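Could you walk me through a protein model, one selection at a time? I have the viewer open and would like to know what to click next and what is there.

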Amino acid sequence: MTTIEVFAPAKVNLTLHVTGQRADGYHALDSLVVFAGIGDIVGVSRAEEPSLTVGGPMAAGVPTDRGNLVMKAARLMDVAADIHLEKHLPAAAGLGGGSSDAAATVSALARLTGQPLPDAGDLLCLGADVPVCLQQSTARMRGVGEDVTPLPGLPELHAVLVNPGLPVMTQQVFAGLADRTNPPMPDPLPEFTSTAALIEWLAGMRNDLEAPAIAAQPVINQVFDTLKVTPGCLLTRMSGSGGTCFGLYGDAETASSAAGRLQEAYPSWWVVATVLNAAN
Ligand SMILES: C[C@](O)(CO)[C@H](O)COP(=O)(O)OP(=O)(O)OC[C@H]1O[C@@H](n2ccc(N)nc2=O)[C@H](O)[C@@H]1O
Ligand SMILES: Nc1ncnc2c1ncn2[C@@H]1O[C@H](COP(=O)(O)OP(=O)(O)OP(=O)(O)O)[C@@H](O)[C@H]1O
């Protein structure tokens with residue numbers, strides 16, 4: 001029995017500019033998206049009937065029925081498969097958890113069956129983050145998520161990801177936006193010759209969902225305040241619709257030390273030091 005396993009990395013929005021709203025209610029975005037060294041693992045093999053098992057340290061509360069996005073992905077691919085999902089990412093965390101899992105499932109089933117990958121537009125029914133998660137590489141994401149421009153050559157970043165353990169529902173955060181028409185990022189983006197230059201530029205960009213996410217889950221403010229005072233923290237920002245926030249550091253040792261301090265101080269939080277945009 002052939003089993004295909006695919007890594008489903010965490011999706012991190014280094015910027016997230018909300019530039020408008022469509023008639024269908026979805027928002028136009030302009031986002032610099034990178035992927036982390038931590039993620040879920042999706043394993044698929046052919047079966048008579050679809051089935052799903054969910055394991056891993058972050059499996060609690062994740063749907064194990066047809067509502068799981070990996071099962072929706074299998075239905076989109078029209079393949080009956082046994083799927084095993086190993087969860088390492090918190091759900092409803094702004095890390096594209098379910099979306100990355102769905103994208104990994106699509107990729108694994110395409111390899112298992114030889115089917116072509118669906119177009120970005122066809123993947124949106126699984127989630128707005130699925131097209132960028134299918135590429136699993138640094139990109140500028142626009143439209144509602146279907147317009148994905150790969151950005152090779154960006155410097156890698158040493159980061160600490162922190163999630164306070166409370167789910168944040170994406171729809172509620174978008175609904176809480178005060179302004180829905182905000183400036184996009186510059187086009188084209190500058191050439192970044194160093195990590196320091198990238199971080200300095202990022203400081204001038206935004207995540208427009210921070211304010212409504214904080215309104216929905218005020219503990220996010222505490223995550224920001226805690227990250228900001230860790231030694232060597234160069235930038236803090238929320239990823240996606242939250243509640244995960246990230247801090248950027250100059251090197252792996254500084255990031256790892258900050259993660260250790262934070263995890264000791266907040267044992268119930270999910271804290272991970274990782275590399276973003278690692279050279280593929
Ligand atoms: C916030 C981001 O994670 C940034 O990468 C994505 O835009 C959201 O991606 P996602 O979690 O896959 O979102 P979906 O599950 O497709 O949509 C959840 C809800 O978020 C809102 N939504 C999502 C994407 C978008 N461009 N505009 C929206 O207004 C819609 O109300 C939608 O019903
Ligand atoms: N494979 C999955 N992993 C985690 N949650 C899932 C999955 N499939 C469906 N869900 C459901 O989707 C909800 C949203 O979880 P998900 O991890 O997709 O949010 P998110 O994508 O991290 O948020 P954002 O889009 O802001 O990055 C969860 O609360 C859960 O009930």
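Here is a tour in short stops, through a model that is predicted.

**Stop 1: the largest pocket**

Start by showing the surface. The largest pocket has a volume of about 1,200 Å³. Now select Ser99, Gly127, Ala128, Thr170 and Gln171: of the 44 residues that line this pocket, these lie nearest its centre. Colour the lining by class and you will get 23 nonpolar, 17 polar and 4 charged residues.

Next, switch to a cartoon view. Pick out strand E1 (4–13), strand E3 (27–46), H2 and helix H5 (170–175); each of them supplies at least two residues of the lining.

What is in the pocket? Let's visit them in turn.

**Stop 2: ligand 1**

Select ligand 1 and show the residues around it. There are 17 of them, and the closest are Lys11, Asn13, His27, Ala128 and Asp129. Ala128 is also one of the residues nearest the centre of the pocket.

- His27: a polar atom of its side chain lies 2.8 Å from an oxygen atom of ligand 1.
- Ser99: an N or O atom in its side chain is 3.2 Å from an oxygen atom of the ligand.
- Val144: here look at the backbone, where an N or O atom lies 3.2 Å from a nitrogen atom of ligand 1.

How much of ligand 1 does the protein cover? On its own, this ligand has 630 Å² of accessible area, and the protein covers 84% of that.

Which element gives the most to the shell around ligand 1? Highlight H5, which contributes 3 residues. By class, this shell has 7 nonpolar, 8 polar and 2 charged residues.

**Stop 3: ligand 2**

Now move to ligand 2. It has 21 residues around it, and Leu69, Lys87, Gly96, Asp101 and Ser241 come nearest.

- Gly96: a polar backbone atom is 2.7 Å from an oxygen atom of ligand 2.
- Asn68: a polar atom of the side chain lies 3.0 Å from a nitrogen atom of the ligand.
- Thr170: a side-chain N or O atom is 3.3 Å from an oxygen atom of ligand 2.

Taken alone, ligand 2 exposes 600 Å², and the protein buries 82% of that.

Then select helix H2 (residues 97–113), which gives the most to the shell around ligand 2, with 4 residues. Divided by class, the shell has 8 nonpolar, 9 polar and 4 charged residues.

**Stop 4: details of the backbone**

Hide the ligands and follow the backbone into the loops.

Which kind of peptide bond joins Asp187 and Pro188? The bond is cis, with omega about 5°. You will find Pro188 in the loop between H5 and helix H6 (195–202).

Go on to Gly242 and Gly243, which are also joined by a cis peptide bond, with omega about 5°. Gly243 is in the loop between strand E9 (235–238) and strand E10 (245–249).

Finish at Ala92, in the loop between strand E5 (81–86) and H2. Check its phi: the angle is near 50°, a positive value in a residue other than glycine.

**Looking back**

Technical notes
Residues are numbered from 1 along each chain as its sequence is written. Chains are lettered from A and ligands numbered from 1 in the order in which they are written. This is a predicted model: local features need pLDDT of at least 70, side-chain atom pairs count only at pLDDT 80 or more; totals for chains, interfaces and linings use all residues. Side-chain values use heavy atoms; hydrogens and water are left out. A residue is near a molecule or strand if one of its heavy atoms lies within 4 Å of it. A polar contact is a pair of N or O atoms within 3.5 Å; within protein, one must be able to donate a hydrogen and the other to accept it, and residues adjacent in sequence count only if both atoms are side-chain atoms. Accessible areas come from the Shrake-Rupley method with a 1.4 Å probe; for residues, only the protein chains shown count as cover. Ala, Val, Leu, Ile, Met, Phe, Trp, Tyr, Cys and Pro count as nonpolar, Asp, Glu, Lys and Arg as charged, and the others, Gly among them, as polar. On a 1 Å grid over the protein atoms alone, a cavity is a set of points where a 1.4 Å probe fits but cannot get out, and a pocket is an open set with protein on both sides within 12 Å along at least five of seven lines; lining residues have an atom within 4 Å of a point. Grid points are joined across faces, edges and corners, and a volume is the space filled by probe spheres set on the points.
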